[in-house]
Amino acid sequence: MTRLDGVLARLRLWHILALFAALATWSSIVVPLGEGPDELPHFTIIRYIVRNGHRPATPNEHEAFQPPLYYFISAGLTFWINTDDFVIKANADYDPVAPDAPKTLLLHTRAEAFPYQGWALAWHLMRLTSVLMGVVTVTAIYATALALSGERPFALAAAVCTAFLPGFIYMSAVVNNDDLATMFAALLCWQSVSLLLSCARLTARRAAAIGLLLGLGFLSKTSMLAFAALVAPAFAAAAWLHSGRFIAGARASLIAYVVAVAVSFWYFVDNIAAFGDWLGWPLVLSANAVRTQQLDLGGWLSALAQVYRSFWLEWIGIALPAPLLAIVSVFAVLAALGLLLRVARMPRDWRVLARSPRWMAVAWLAVLAAIIAASWIRWTQTVLGTEQARLFYPALSPLVLALVFGLRAVHRRLPWVLAGVLCVLAVIAPPLFFAPAYAPAPRIAALPPGAQSISATFKDKLRLIGWDVSAKRARPGDVLKIGLYWESLKDLTDDDWLKIQLLDAGDRFVAFKDGSPSAGRDSTDSWRRGERIASLHRLAMPPDLRPGVYRLTVGIHPYGRKNWFPIDEENMWIALSDQLVLTEISVE
């Protein structure tokens with residue numbers, strides 16, 4: 001027995017699940033609230049349901065077009081928590097392109113700090129619910145692999161490659177209805193594969209269980225409708241393989257569909273009543289950015305490449321470094337080669353394949369993956385922002401099984417080599433990939449070379465100790481980079497904001513930015529006495545700005561109010577009584 005065989009002999013599914021739950025929970029703590037894919041609108045829908053007792057029906061809530069089950073579950077778990085103090089604070093310095101700009105969509109305050117209270121507590125409970133859904137998903141994929149192969153090592157490899165997939169961990173750590181849809185999809189794959197491989201009778205109870213999962217899937221995400229086309233073929237194939245009585249398959253299919261409709265029909269009727277369409281399509285189109293120009297070949301390739309990268313790990317500000325992406329891509333290529341080898345060795349007689357429960361189950365999974373891919377293509381032709389692997393998660397079971405199966409066809413140890421790589425990535429992802437993307441503003445010991453030293457006190461809270469600017473001569477459309485260096489005079493408890501302005505000769509502003517003094521990296525209520533904080537701000541010059549000399553000013557005010565802090569600085573010009581003039585900018 002090799003060392004790997006010894007490890008596998010001791011490895012249990014619960015070990016994998018416990019480590020996955022720990023990693024996903026850790027990630028849910030590291031990732032600031034609202035920074036997951038579409039996480040903010042998912043949370044606000046849940047909050048809306050708690051406050052109003054029904055789901056929203058207008059595009060004012062961006063994700064209102066989604067089926068409601070995930071939101072009802074989360075609302076039922078958190079209705080007892082008061083979230084009245086929740087405020088959306090958009091990060092004015094967010095820029096997904098500029099490498100030196102923050103990648104956080106929101107400004108995060110001490111209201112999110114542990115011990116969690118109010119809306120932050122509710123949000124973290126919702127995230128833990130997503131983690132539990134991920135646990136069920138991993139379990140279902142393990143059960144599917146075990147049913148398909150009959151081999152525990154294969155099933156364990158599939159479970160590990162799912163549980164330690166950094167992209168899956170990230171999605172399982174945030175509030176998103178994809179987590180519920182993925183769970184029901186994995187359960188349906190397990191039940192369907194077991195149905196095809198089992199010699200047991202097609203009982204009404206089993207059909208009703210599959211119908212229940214199908215109906216709940218319909219209420220989780222629209223893409224789960226793909227399974228509606230696959231349930232009847234699964235029952236028919238099972239009847240063909242094990243009894244030859246098609247009437248049994250037809251009866252089981254009817255039971256499953258009746259149960260699914262009974263569970264979910266109210267949602268589709270509600271859509272017809274409200275929008276005149278069973279899917280609520282008018283709301284779908286009004287709530288999303290509709291694509292106005294079809295993608296060319298280059299656009300499709302770019303979209304697919306982004307989907308591929310996000311399968312391993314990619315989101316705003318977060319990505320696997322190129323060398324690590326290259327390593328996991330080697331496994332993807334080897335898996336594809338392995339699958340081609342297996343296809344080449346398949347029997348050429350389709351009648352032999354049609355009588356093989358295992359090949360029928362594989363074919364069923366392959367058709368599912370093809371339908372999900374087709375639905376993604378159609379969705380991508382309709383709206384923008386679909387370049388995300390989570391939209392393929394209803395087919396996560398066949399994708400992971402194909403990866404493990406293909407690697408095993410090349411060498412039986414390869415799935416475990418990939419599992420080891422993914423395990424390492426999963427452990428290092430929170431501190432090395434997630435945390436840096438959401439790091440606070442840098443604390444400094446001294447001003448950097450070239451910075452202009454000053455001492456301007458705002459109220460009794462903050463002191464501006466230095467500044468620099470990328471250029472004092474600019475053109476319309478240019479972006480000024482303004483470095484500001486602060487000292488906290490006390491432990492701050494308020495969220496104070498900085499307004500940067502460009503004033504003309506008549507003290508009228510022609511450009512401004514209002515946001516955190518940290519340039520969107522953190523909020524002032526986390527600043528401690530004596531800390532020195534560096535911030536880099538970006539101010540865009542209007543493209544129609546007239547030539548002339550303008551004054552660059554800064555002022556501090558409490559969030560949501562315009563009662564400006566008094567400024568104590570004897571050697572610099574104070575404009576409008578509350579704006580410190582840093583320098584003049586000449587626009588050509």
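Reader: Which helix is G217 found in?
Author: G217 lies in helix 9, which covers residues 204-218. Keep in mind that this is a predicted model.

Reader: Is G217 buried or exposed?
Author: Buried. Its relative accessibility is 0%, and the cut-off for buried is under 20%, so G217 counts as buried.

Reader: What is G217 in contact with, leaving aside neighbours within four places in sequence?
Author: F184 and M224.

Reader: And how far apart are G217 and A256?
Author: They are 39 residues apart in sequence. In space they are 13 Å apart, C-alpha to C-alpha.

Reader: Switching to the core. How many residues has the largest nonpolar core?
Author: It has 129 residues. F227, W312 and W364 have the most contacts inside it.

Reader: Which helix gives the largest share of this core?
Author: Helix 5, residues 118-149. It supplies 14 residues.

Reader: Back to F227. What is F227 in contact with, beyond four places in sequence?
Author: Its contacts are A185, L188, C189, L214, W364, L368 and P394. W364 is also among the residues with the most contacts inside the core.

Reader: What about a second core? How many residues?
Author: There is a separate one of 34 residues. L462, L464, A511 and L580 are among them.

Reader: Now helix 8 and helix 10. At what angle do they pack?
Author: About 20°, with the axes 8 Å apart. Helix 8 is residues 178-197 and helix 10 is residues 228-242. An angle under 35 degrees counts as roughly parallel, so these two helices are roughly parallel to each other.

Reader: Which residues make the contact?
Author: From helix 8, L195, L196 and L197. From helix 10, A234, F235, A237, A238, L241 and H242.

Reader: How does that contact split by class?
Author: Eight residues are nonpolar and one is polar. No charged residues take part.

Reader: On to the sheet. What is the order of the strands?
Author: Five strands form an open sheet in the order 9-6-4-3-11. The pairing is antiparallel.

Reader: Which strands stand at the edges?
Author: Strand 9 (532-540) and strand 11 (567-568). Each has a single partner strand, so one side of each is left without a neighbour in the sheet.

Reader: Over how many bridges do strand 4 and strand 6 pair?
Author: Seven, in the antiparallel sense. Strand 4 is residues 462-469 and strand 6 is residues 479-488.

Reader: What stands opposite V469?
Author: I482, in strand 6.

Terms used. Residues numbered from 1 in each chain as written. Predicted model: local features only at pLDDT ≥ 70, side-chain atom pairs only at ≥ 80, totals over all residues. Heavy atoms only, no water. Core = buried A, V, L, I, M, F, W, Y, C linked by side-chain atoms within 4.5 Å. Buried < 20%, exposed > 50% of the residue type's maximum accessible area, 1.4 Å probe, protein only. Helix = DSSP H or I, 4+ residues; strand = E, 2+ residues; numbered from the N terminus. Contact = heavy atoms within 4.5 Å. Pairing = 2+ DSSP bridges. Axes fitted to C-alpha atoms, helices over the stretch in contact; angles between N-to-C directions. Parallel < 35°, antiparallel > 145°, perpendicular 65-115°, else oblique. Nonpolar A, V, L, I, M, F, W, Y, C, P; charged D, E, K, R; others polar.
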